[in-house]
Amino acid sequence: MLKAVIYLPEGPDMRRWERMCLNWCSIHDYELVGLVRDNHDQTRWQEVQRMMVHGRAEVVVVASYRHLPQNAVPRVEAASRAMSVVSPEHDDLNTDD
């Protein structure tokens, strides 16, 4: 069983995102070891990094890739995403990213 931490950015839909992530962990049989709710300046991402580095978590679950901090390290980038155009009004939770 993989150990997972859920990362949630501050936002009006945070509770919905949390339910989505909890459901994802349940479906995939992940052991939930942490839930990090961040603020607008995304300073709590470092907690997630520490959990990963120290082996306390093996998976980071987010409701959308767009919820990851722009300066997140280590970074994961999908080259295929660079080819698509996303407008601000696009509902990122209904896409396959």
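**Exercise 1. Find which strands the buried residues of helix H2 pack against in this predicted model.**

Solution. Begin with the helix itself, which covers residues 45-53 and in which Trp45, Val48 and Met51 are buried. When one looks down the axis of H2, these buried residues fall within an arc of 120°, so they line one face of the helix. The general rule behind this is that an α-helix has 3.6 residues a turn, so residues three or four places apart point the same way. Next, look at what the buried residues of H2 pack against: strand S1 (3-8), strand S2 (31-37) and strand S3 (59-61). Finally, follow the chain past H2 to Gly55, whose phi is positive, near 75°.

**Exercise 2. Work out the order of the three strands in the sheet, and state which of them are edge strands.**

Solution. The three strands form an open sheet with the order S2-S1-S3, and their pairing is parallel. The edge strands are S2 and S3, since each of these pairs on one side only. Neighbouring strands of the sheet are turned by 25° against each other on average, if direction is ignored. For a closer look at one pairing, take S1 and S3, which run parallel and are joined by three bridges; Ala4, for instance, has Val59 in S3 as its bridge partner.

**Exercise 3. Determine which residues are linked with Glu18 in a network of salt bridges, and say whether Glu18 is buried or exposed.**

Solution. Take the partners of Glu18 one at a time. With Arg15, the side chain of Glu18 meets in a salt bridge of 3.1 Å, N to O, and both residues lie in helix H1, three residues apart, which is about one turn of the helix. With Arg37, the side chain of Glu18 meets in a salt bridge of 2.9 Å, N to O. Because Arg37 lies in strand S2 and Glu18 in helix H1, this pair ties together parts that are 19 residues apart in sequence.

Now turn to accessibility, where a residue counts as buried under 20% and as exposed over 50%. Glu18 has a relative accessible area of 13%, so it is buried, whereas Arg15, at 52%, counts as exposed, and Arg37, at 33%, counts as partly exposed.

Note on methods: Residues are numbered from 1 along each chain as its sequence is written. This is a predicted model: local features need pLDDT of at least 70, side-chain atom pairs count only at pLDDT 80 or more; totals for chains, interfaces and linings use all residues. Side-chain values use heavy atoms; hydrogens and water are left out. Buried means under 20% relative accessible area, exposed over 50%, partly exposed in between (1.4 Å probe, protein chains only). Helices (H or I, at least four residues) and strands (E, at least two) are DSSP runs, numbered from the N terminus. The arc is that of the directions from the helix axis to the C-beta atoms. Contact means heavy atoms within 4.5 Å. Two strands pair if DSSP finds at least two bridges between them. Axes are lines fitted to C-alpha atoms, for helices over the stretch in contact, and angles run from 0 to 180 degrees between N-to-C directions. A salt bridge is a side-chain nitrogen of Lys or Arg within 4 Å of a carboxyl oxygen of Asp or Glu.
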